[in-house]
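Reader: Hi! I'd like to get to know this structure. Could you walk me through it?

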Amino acid sequence: MISYEEALQTILGAISPLGLEKVSLFDALDRVIGEDIFAGRAIPPKDNSAMDGYALRAEDTVGASKEKPIRLEVIEDIPAGTIPTKIVGPGQAARIMTGAPLPAGADAILRMEDTKKEGQKVAIFVPVTKGQDIRYQGEDVRQGEQVIAKGDVIRPAEVGMLASLGRSFVFVHQKPVVAVVSTGDELVDIDELSTPWKIINSNGYSLAALVKDCGAVPMQMGIARDKREDLIEKFQAALRADLILSSGGVSVGDYDLVKTIMKEVGNRMQFWRVAMRPGRPLAFGSLGNVPLVGLPGNPVASMVSFQQFVRPAILKMLGHRNLFRRTIKARLAEPVQKGKEVRQFIRALIRRTKDGYEVVTTGDQGSGILKSMVRANGLVVIPVGVEKVAAGEWVTVQLLDDSLDRMPEPGV
Ligand code: AMP
Ligand code: MG
């Protein structure tokens, strides 16, 4: 049996980011960029107006007021997207719309609201300073400036920036294909005719959903019977994947054959059993060159182990720098007890309170009780060495989703 930390290190040590692929900007959201982005052009490309109004010379507006307006000659109209044709001289102005290029000679924009059109003239009611309401060339991005770095996640803001720079495609890390092999003679698929002693292969579905949730591509291999030939056949087919997950068959039962196969020629088992609960019977190694995580069969154990070990591995393959779930400190609403030798993950519901967060367990913590996972939005993490935590103490909670972000502050 090895520690949680050692298990995590071993798995991450065996995983590398995948290579790059070219994707359209439309498909780039949430992907990890594999290239540094330098601006090939300035943004904005030219000095332009930040307001609908008049482009003029600031010195012509000195002393203007509502009572004593100054009148300027309007020499042209510059809608957005057109090129000015005239130079604004003393006593002159050009009517200009937001985003239109600044005409030569002008050094400020006076907004429409402080003017009144009078035929070919405009009356101006306030003075402006030089540079007012002009967006200068390159004030957002200078040509040649680095705006995005390798390893950054592409969010909507990055999509906008790439678009502004004229990039309709971008290089990102490939998505790993993750094979999911469910093992067990007791398993049936959802729509198969069943008998009361059979169990629906729910892990195949929850694990595929978890894989998708990480941004990777699940490859559903279906159910392998607890027979050597059947397991080997399914594993052979899974070798096309970048990572293989199996569920079940890694315990100490007579028909738990996954470990046996991992120990055969050409394969490898690096460890088996981790000092954690749920999820102790976890095996890690490889089939040929493909890493294999042998997850426990119990539905909660397989999901919790996935969160701790598989999710970081997949995120690393995707090129992410931050591999781990966010943790927060929350006040425990009830006392908990655990075995001293293991790191315990307790399914729990976190709520916002006036002084931070409060966390309650979601009921029966048996590793087959999926309902307590359904009700949970986090896992209370209690380290090795601790046996009891009293109600009211602050504990570390790993968030399993972003439900807290959508929960209003109390009293708001
Ligand atoms: P095992 O580790 O193979 O002995 O599996 C432990 C228990 O987990 C089994 O008795 C099943 O009840 C349950 N189990 C195993 N595989 C699955 C699966 N794919 N879907 C749902 N439950 C499973
Ligand atoms: Mg089994």
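Reader: How far apart are the centres of domain 3 and domain 4?
Author: Taken over C-alpha atoms, the centres of domain 3 and domain 4 are separated by 63 Å. The domain bounds come from an automatic or database domain assignment. This is a predicted model, where local features need pLDDT of at least 70, side-chain atom pairs count only at pLDDT 80 or more, and totals for chains, interfaces and linings use all residues. Residues are numbered from 1 along each chain as its sequence is written, chains are lettered from A and ligands numbered from 1 in the order in which they are written, and side-chain values use heavy atoms, with hydrogens and water left out.

Reader: Thanks! Which stretches make up the domains?
Author: Domain 1 is 4-16 + 175-317, domain 2 is 27-43 + 139-173, domain 3 is 48-135 and domain 4 is 327-406.

Reader: Now the ligand. Which residues come nearest to ligand 1?
Author: Of the 15 residues around ligand 1, those are Asn201, Ser202, Asn203, Gly249 and Gly297. Being around the ligand takes a heavy atom within 4 Å of it.

Reader: Which polar atoms lie by its nitrogen atoms?
Author: A polar side-chain atom of Asn201 lies 2.8 Å from a nitrogen atom of ligand 1, and for a backbone N or O atom of Ser202 the distance is 3.2 Å. A polar backbone atom of Asn203 is also 3.2 Å from a nitrogen atom of the ligand.

Reader: How is the shell divided by residue type?
Author: The shell around ligand 1 has four nonpolar residues, 10 polar and one charged. Here Ala, Val, Leu, Ile, Met, Phe, Trp, Tyr, Cys and Pro count as nonpolar, Asp, Glu, Lys and Arg as charged, and the others, Gly among them, as polar.

Notes. A polar contact is a pair of N or O atoms within 3.5 Å; within protein, one must be able to donate a hydrogen and the other to accept it, and residues adjacent in sequence count only if both atoms are side-chain atoms.
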